[in-house]
Structure formats: C-alpha cells, structure tokens
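This report goes through a single protein chain, and the sequence and structure it discusses are shown here.

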Amino acid sequence: MLWFQGNSMQLAKSSFGLFLRNLSASKTALPVLTLFTKDPCPLCDEAKEVLKPYKNRFILQEVDITLPENSAWYERYKFDIPVFHLNGQFLMMHRVNTLKLEKQLLKFEQQAATD
C-alpha cells in the first residue's frame, strides 16, 4: 500500500509539473492588452469590468499616464483614456468595443494555433 501511495504521489508531482509548464507556456502565448489609464478613471474602471469575460485570453498591462516616465503617453492620450493597445498596436479608445476586441483576439488565437 505504501508503494502505491508513493507512486501516486510521484505521478501527482509529475502531472503538476506538466500542468505548470503548460500554464507558463500558455501565459507567454497570450497577447498583451495595454490599458492607458490614470487614477481616478471611472471610465477605465468600467472598461475593466467589460473586459472580465475575456480575462483568460490576454494579459492586461496597465500604464498610468500620469507617472513622469509616461509623459509621452500623457501628452498623447490625456483627453482620450481609456485607450487600449493590443500587442503594441492601437486597438480602441474611450470604451471597450467588444466586437473589435473579439475579432482581434480570434485573429491572434488562430495565428497562434497555426504556429
């Protein structure tokens, strides 16, 4: 019985390791959705709520445009936040366009599936 438990534990450890490798591989394969924001930003908070159903399909990166190191983004987007870029390319501003987001995520996922 101890032998069986030992092998079961070893199998569980190797399965968990495989799970972690797949998880980390899938994390790196996800596109990056950048949200240009500031604090406070009620429209940004609303946009993040709209994004919740999609949260497993991208990595959300927030850029606070009011920080000194982001002054170029502040000059560019100070009247337009929230602004979103997908993998460094402008995607949308002012509010989440779920049709546009879905289309771009599907395009990315289909491209990733063929790579």
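## Helix 4

Helix 4, spanning residues 98-114, has 17 residues and reaches 24 Å from its first C-alpha to its last, close to the 24 Å expected at 1.5 Å a residue (the expected span being 1.5 Å times one less than the number of residues). At the start of helix 4, the backbone nitrogen of Leu99 lies within 3.2 Å of a side-chain oxygen of Asn97.

## Basis of the model

This is a predicted model, in which local features need pLDDT of at least 70 and side-chain atom pairs count only at pLDDT 80 or more, while totals for chains, interfaces and linings use all residues. Residues are numbered from 1 along each chain as its sequence is written, and side-chain values use heavy atoms, with hydrogens and water left out.

## Overall fold

The protein chain has four helices and four strands (DSSP runs of H or I with at least four residues, and of E with at least two, numbered from the N terminus), and along the sequence these follow the pattern α-β-α-β-α-β-β-α. Of the contacts (heavy atoms within 4.5 Å) with a separation of 6 or more, 66% are between residues 24 or more positions apart.

## Disulfide

The structure holds one disulfide (a pair of cysteine sulfur atoms within 2.5 Å), formed by Cys41 and Cys44 with their sulfur atoms 2.1 Å apart. The torsion about the S-S bond of Cys41 and Cys44 is about 65°, so the disulfide is right-handed. Both Cys41 and Cys44 are buried (under 20% relative accessible area, with a 1.4 Å probe and protein chains only), and buried residues make up 24% of the 115 residues in the protein chain.

Note on methods: Buried < 20%, exposed > 50% of the residue type's maximum accessible area, 1.4 Å probe, protein only. Polar contact = N/O pair within 3.5 Å; in protein donor to acceptor, adjacent residues only side chain to side chain.
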